[in-house]
Amino acid sequence: MNGGQHGAGGAGHGRHHHDRHQDRRRPDREDDRRDSRGRQRSAARSRGERSASRQAPGQRAKRTDPARTAAFDVLREVDESDAYANLVLPPLLADRRIRGRDAGFATELTYGTLRMRGRYDAILADCVDRPLDELDPAVLDVLRLGTHQLLGMRVPSHAAVSETVALARGNVGTGPAQFVNAVLRRVSEAGPQEWLERITAGAADELAALAAVESHPLWIARSLREALAGHGRDPGEIGALLAADNAAPRVTLVARPGLADVSDDDAWHDADLVPGRWAPTALVLDGNDPGTVPAVRDGRAGVQDEGSQLVTLALAGVPLGETAGGRPERWLDLCAGPGGKSALLAALAAQREATLVANEIQPHRARLVERALAAIPDGVVEEVRIGDGRDVGTDEPGAYDRVLVDAPCTGLGALRRRPESRWRRTPADLATLTGLQRELLGSALDAVRPGGVVAYVTCSPVLAETQLVVTDVLRRRDDVERLDTPQAVRSVLRTAPDGTTPDLPLPSGDSARDDVQLWPHVHGTDAMHLTLLRRR
Ligand SMILES: C[S@@+](CC[C@H](N)C(=O)[O-])C[C@H]1O[C@@H](n2cnc3c(N)ncnc32)[C@H](O)[C@@H]1O
C-alpha cells in the first residue's frame, strides 16, 4: 500500500508495481504530483507556474501534505473522541477527495502508526528527555507518524523528517516543529533493526521486550501468554501470537447456506475468491472491496471471520440430548448485535425448519441485526428483540433448544482488526465484563430446555473470560454437562473436493481440552473461544 511517490518502498511489493502501472495509464492523477521525496506538489506548481521558494514562509508553512494531514487528523480523533480509525478514515479521505496512492499512503500511515504505537513510544522514549506523557498529545502523535515513516514505511529519512516537521508546523506550531525536527533526527540515526535491538536491551525482562517490540501493552501480553498456557499451548508461542496481531487479516466472507451458492456467478460478480481453510461457508476475498460483491450487498453473504463461522456452525450441528419431539427447534442468539452470527444461524435454521429469536440490549445494534437478517426467508426469524439477555432465563425458562451466548468481552482475540483497540482496553474492563459474562451464561442455561445446548463464545482467549467463567457458573449448578467441543468443531469442517477434511490443530494428550480455543498465529482466525454445554 505504500505510495511510491511518498518515497516509500514497504512490504506490498506486488501491489506497488500494480499501482505504478495504473499511474502510467493515468498521468493526470493528482497523486502523480508528488516529487521523489514524497512531497505533494500543487497542480499549479506541477505546471511550473509558481515555485514554493517564491512564497512567503507563512504561506508555505500552511501547505502540508494532505495524506499526512489526514493521518494526523484521524489520530487526533481516535485520541480525543475514542473514535474507531476504520470508521473515521474512509469518509475523511472521501470528503477531502484523497484517492489512489495518496489514500493508500494515508491508510498505511494511520493504521501502521496506531498499531505500532507501543514500539514507537519505546523508541521515542529513548530520544526525548522527558516522559512521553508530559508531551502535548498532538505533538506525540506527530512524532509517532514520523517514526512510522522512518522505520515502518521506508520513506527516505529526509522526506519523512521534513514532511513531518511541515505537518507539525502547520498543525501544532513552529516551536513544537523544531522539537519534532530534533527528535526525528535522533530516531533516524538508527535503522529499524538497530532500534529493535536497543529497545530489547532496555526492557525489564523478556516479556516486556516482546511487548515493546510487538507493540502491545504489557498487561495484554501477560494475559495472552497466560491464555496460551491455560488453553494447553506452549507459552513460548507468545511472540508469534503478538506478531500475528500486527498483520491485518484478509477479508473473509461467509456464504450463508441456502442463500448464496459459491458457484452462482451473479452472487459474487467478479470477486476474486478462494475457499477458506476451515469452514465450508468461508470464502477469502482477494483484493476487492466487499461492498462491491452483490451477495454481500443484499445479505446473502457477509464479512465474517472464519473462527466466528466455525463456532456458529458447531452450535447448529451439535446433537441435542433428546430431540425437540417433532416440533420445530427454537434457537436464541442472546447477544446478537451487530448480527453476523445471527444471520448465519438464521440461514442454518431455515434449512432445518427451526426458528430464531435474536436478542440485543442496544437499540442501534438491534437495528444492525435486522439489517443483517434482510435476506433470511420469512417465518424463520421469530423476532429481533431489544432486551437484557440476563433476564431471558427467568422470563422464558426452558424455552429454547439451542442458545448462543456470544458474550461482550475485551476483544483481545481480535486485536488485528482494530489497530487502536489494544490501547483502549484496561485491566479494569475485565472485572466489569466477567461479572456480566457469568450472568449471561447462567441466563442462557436457564433458557434452554433439558437436552438443549448452549454455546459460550468470546472473541478473547483470556482465561478470566473463558475457562474461569464457565467453571465458575458450572460450579453452582448440577444440571449441565460439558460436551466434546473439539469433536463438534471437527464435524463441521469443510470437505475438500478429494473428500478430505483439514486437520484442525488443537492441544492433544495431557493438554487436551473439552473446549476449543482458536488462535491467529495457529489457525489464521481471530482467537475465538467456544465451550459447548448441554442441559441435563
Ligand atoms: C460480541 S458482541 C456479539 C456479536 C454478534 N454475535 C455477531 O456475531 O455479530 C456482544 C453483544 O452483546 C451486547 N450486550 C451487552 N450486554 C448485553 C446484555 N446484557 N444483554 C444482551 N446483549 C448484551 C452488546 O451490545 C454486543 O452487541
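This is a short tour of the structure above, stop by stop, with something to select each time.

**Before you click**

What you have open is a predicted model, where local features need pLDDT of at least 70, side-chain atom pairs count only at pLDDT 80 or more, and totals for chains, interfaces and linings use all residues. Residues are numbered from 1 along each chain as its sequence is written.

**Stop 1: the whole protein**

The secondary structure comes to 25 helices and 12 strands. Helices (H or I, at least four residues) and strands (E, at least two) are DSSP runs, numbered from the N terminus.

How much of the protein is buried? Buried residues make up 47% of the 536 residues. A residue is called buried if 20 or more other C-beta atoms lie within 10 Å of its own, exposed if 12 or fewer, and partly exposed in between, with C-beta atoms placed from the backbone.

Among contacts between residues at least 6 apart in sequence, 75% join residues at least 24 apart. Here, two residues are in contact if their C-beta atoms, placed from the backbone, lie within 7 Å.

**Stop 2: two domains**

Now colour 4-193 and 318-535 separately. Those are domain 1 and domain 2 in the domain assignment, and such bounds come from an automatic or database domain assignment. Where they touch, eight residues of domain 1 are in contact with four residues of domain 2. On the domain 1 side, α5 (85-95) and α6 (100-115) are the elements that give two or more residues. α6 gives the most, with three residues. By class, the domain 1 side has five nonpolar, one polar and two charged residues. For these classes, Ala, Val, Leu, Ile, Met, Phe, Trp, Tyr, Cys and Pro count as nonpolar, Asp, Glu, Lys and Arg as charged, and the others, Gly among them, as polar.

**Stop 3: around the ligand**

Select the ligand and the residues around it. There are 18 of them, and Cys 335, Gly 337, Lys 341, Gly 389 and Asp 406 come nearest. A residue counts as near a molecule if its C-beta atom, placed from the backbone, lies within 6 Å of it. The elements giving two or more residues to this shell are α18 (340-351) and β6 (355-360). Sorted by class, the shell holds five nonpolar, seven polar and six charged residues.

An unreviewed UniProt entry places the feature "binding site" at ten positions you can pick out, including Cys 335, Pro 338, Glu 360 and Asp 406. UniProt positions are given in the numbering used here, feature names are shortened, and annotations may be inferred rather than shown by experiment.

- Pro 338 lies in the loop between β5 (330-333) and α18. Pro 338 is partly exposed, with 18 other C-beta atoms within 10 Å. Not counting residues up to four places away in sequence, Pro 338 touches Arg 365, Leu 368, Val 369 and Ala 372.
- Glu 360 sits in strand β6. Glu 360 is buried, with 26 other C-beta atoms within 10 Å. Beyond residues up to four places away in sequence, those touching Glu 360 include Cys 335, Arg 365 and Ile 386.

**Stop 4**

Next, select Cys 459, where the unreviewed UniProt entry places the feature "active site". You'll find Cys 459 in the loop between β9 and α23 (467-475). Is Cys 459 buried or exposed? Cys 459 is buried, with 26 other C-beta atoms within 10 Å. Leaving aside neighbours within four places in sequence, its contacts include Cys 409, Asp 526 and Met 528.

Hop over to Cys 409, in the loop between β8 (400-406) and α21 (421-424). With 26 C-beta neighbours inside 10 Å, Cys 409 counts as buried.

**Stop 5: strand β12**

Finish with residues 529-535. Seven of the seven residues of β12 are buried, so the strand is largely enclosed by the rest of the structure. His 529, Thr 531, Leu 533 and Arg 535 point one way, while Leu 530, Leu 532 and Arg 534 point the other way.

Which strands are joined to β12? Two strands pair if DSSP finds at least two bridges between them. Show these, one by one:

- β9 (residues 448-458) runs antiparallel to β12, with six bridges; Val 453 has Arg 534 as its bridge partner.
- β10 (residues 480-482) is also antiparallel to β12, with three bridges; Val 480 stands opposite Arg 535.
- β11 (residues 516-517) is antiparallel to β12 with two bridges; Val 516 has Leu 530 as its bridge partner.
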